[in-house]
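Happy to go through this one with you. Let's take the labels one at a time and check each against its cut-off.

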Amino acid sequence: MTNDLRGKTAIVGTGHAGFGEAHGLTAYDVMAQSALAALGDAGLKLSDVDGLFCTMMEDSMPALMAAEYLGIQPRFIDGTMLGGSSFVNYLTSASMALEAGLCDVALIVYGSNQRTASGKLVTASRPPAYEAPYNPRYPISAYAMAAARHMHEYGTTREQLADVAVSARAWAQHNPEAFERGPLTREDVLGARMVGDPLTVRDCCLVTDGGGAIVMVRSDRAKDFPKAPVYVLGSAAESSHRQISQMKDFTVTAARESGQRAFEAAGVSRSDIQAVELYDAFTINTILFLEDLGFCAKGEGGAFVEGGRIAPGGVLPVNTNGGGLSCVHPGMYGIFTVIEAARQIRGDAPGMQLKDVDLALAHGNGGVLSSQVTAILGSQNTL
Amino acid sequence: MQNTTGPDHVFQRALANNEILLPKCDDCGAFHFFPRVMCPHCHSSAISWTPASGKGRVHTTTVVRRKPERGGDYNICMVELEEGVRMMSRVEGIAPGDVAIDMDVTAFVGEADGAPVVLFKPVEE
């Protein structure tokens, strides 16, 4: 059933900064540039922000660091760290805080300089004690084992995995903001350097710099801003584990539960969704989430993505900005699923703009398939 | 290591004595892993230790690709033990790419970076 938060809050600004390489900038610099961009989009100032929703990769108190950097004193902060899904999860806490009057202008923000700082994933997480002795490569070993099990149980092929990357690239080729826009074929993906069987380097997300930000307000004032408001119709989360060794079924994620509750909260069905933005850290993610969110049956995700069916002109537009595989992936990608979904609804997507989008889905993944958060966004027409 | 009853200490002390102990709930009878002070299935605090049978089956597997000059490729896998718990480990004695899902394996106490760890080898036919 729908809940009391349906349509009560809206996104009135989005922004990003530092896509690709942000030479000479710290992660907090990129965070701040993203915040300014989103506030500019909304016609607001930093001094208007009284709710901050933020986490970063490098500190244990990143929300405080961000507030300090931005020169604001928020009266409400949520710094819940669920990995890359955190920023989709903040849609729920921001909606709750706004609706309860705990804040009036919510800023969700993230930034990273991981590419120019180190060239690999930066994290403050400690390796799990009962996994670390075997020296898995995080996070790829975890996702590789999920892919291997999916192939074993359902006959999913490396070619089908590769087609996810090829489709993402096809979208990215229309997006001037995307980091990788060169041609990419199935053979390119299959022939690329193997990094963790069955995944090659082209089955893996990019390592880029970049930041993103979102401004939210209560819906009663959402029309007072320059851009068309994008309403939060439903958002829901579920977590199943932290360490990959604790994942009960390597082929089923908690996106089943988060998706089901998000659809119920929004009061819409799968076939109503016009754009699907999924956290594609690895090619297997897209297959798992399409299955678990109910766009196809369990085990049929491989066939669902095969041969351009989720590419431009296919049966379902998935990751219309090019995703984490080809657009941007600065350590945590989740916020960009929301930004792309919102921009498709507003009609100002940076790449291929789909026609008359009223409903879009954003799905965040955190940890190693650990935290799943689904949000459904809608235009004025969906209220 | 101190002679404490903390679950991590008990497990590690046993490994140092070439023994693999698994925590088992006295109330619901289920095993769990990693070791905890409570059962994650029924939430009871009554936990005992039982020697592992050592029988396992590879649930899923991957090869970490590494340049030869840095030590070469190695295996990472999830092994499901007969007791119903899974652990991350490595199958030794065969090429990392030859480790296969559903392969029957046997646990032994090996070594990683100077510390005892649970490793597996293929069951001999």
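Q: Why is B:Asn18 called exposed rather than buried?
A: A residue is buried if 20 or more other C-beta atoms lie within 10 Å of its own, exposed if 12 or fewer, and partly exposed in between, with C-beta atoms placed from the backbone. B:Asn18 has 9 C-beta neighbours inside 10 Å, so it counts as exposed.

Q: Before we go on, what kind of model is this, and how are its parts labelled?
A: It is a predicted model, in which local features need pLDDT of at least 70, side-chain atom pairs count only at pLDDT 80 or more, and totals for chains, interfaces and linings use all residues. Residues are numbered from 1 along each chain as its sequence is written, while chains are lettered from A and ligands numbered from 1 in the order in which they are written.

Q: What is the predictor's confidence in chain B?
A: pLDDT is the confidence in each residue, from 0 to 100. Chain B has a mean pLDDT of 96, and 98% of its residues reach 70 or more. The model as a whole scores ipTM 0.97 and pTM 0.97.

Q: What makes A:Leu369 buried?
A: A:Leu369 has 28 other C-beta atoms within 10 Å, so by the cut-off above it is buried. Its phi is positive, about 60°, although A:Leu369 is not a glycine. You will find A:Leu369 in the loop between strand E10 (359-366) and strand E11 (371-378) of chain A; strands (E, at least two residues) and helices (H or I, at least four) are DSSP runs, numbered from the N terminus.

Q: How do you know that the radius of gyration of chain A agrees with a compact globule?
A: The radius is taken over C-alpha atoms, and the globule rule is 2.2 Å times the number of residues to the power 0.38. For 383 residues a compact globule would have a value near 21 Å; chain A has 19 Å, which agrees. Buried residues make up 61% of the 383 residues in chain A.

Q: Which residues have the most contacts inside the largest nonpolar core?
A: Such a core is a set of buried Ala, Val, Leu, Ile, Met, Phe, Trp, Tyr and Cys residues joined through C-beta atoms within 7 Å. The largest has 152 residues, and A:Leu107, A:Ile108, A:Val338 and A:Leu377 have the most contacts inside it.

Q: Where is the cis peptide bond that involves A:Pro198?
A: The bond joins A:Asp197 and A:Pro198, with omega about 10°. A:Pro198 sits in the loop between strand E5 (194-196) and strand E6 (199-200) of chain A.
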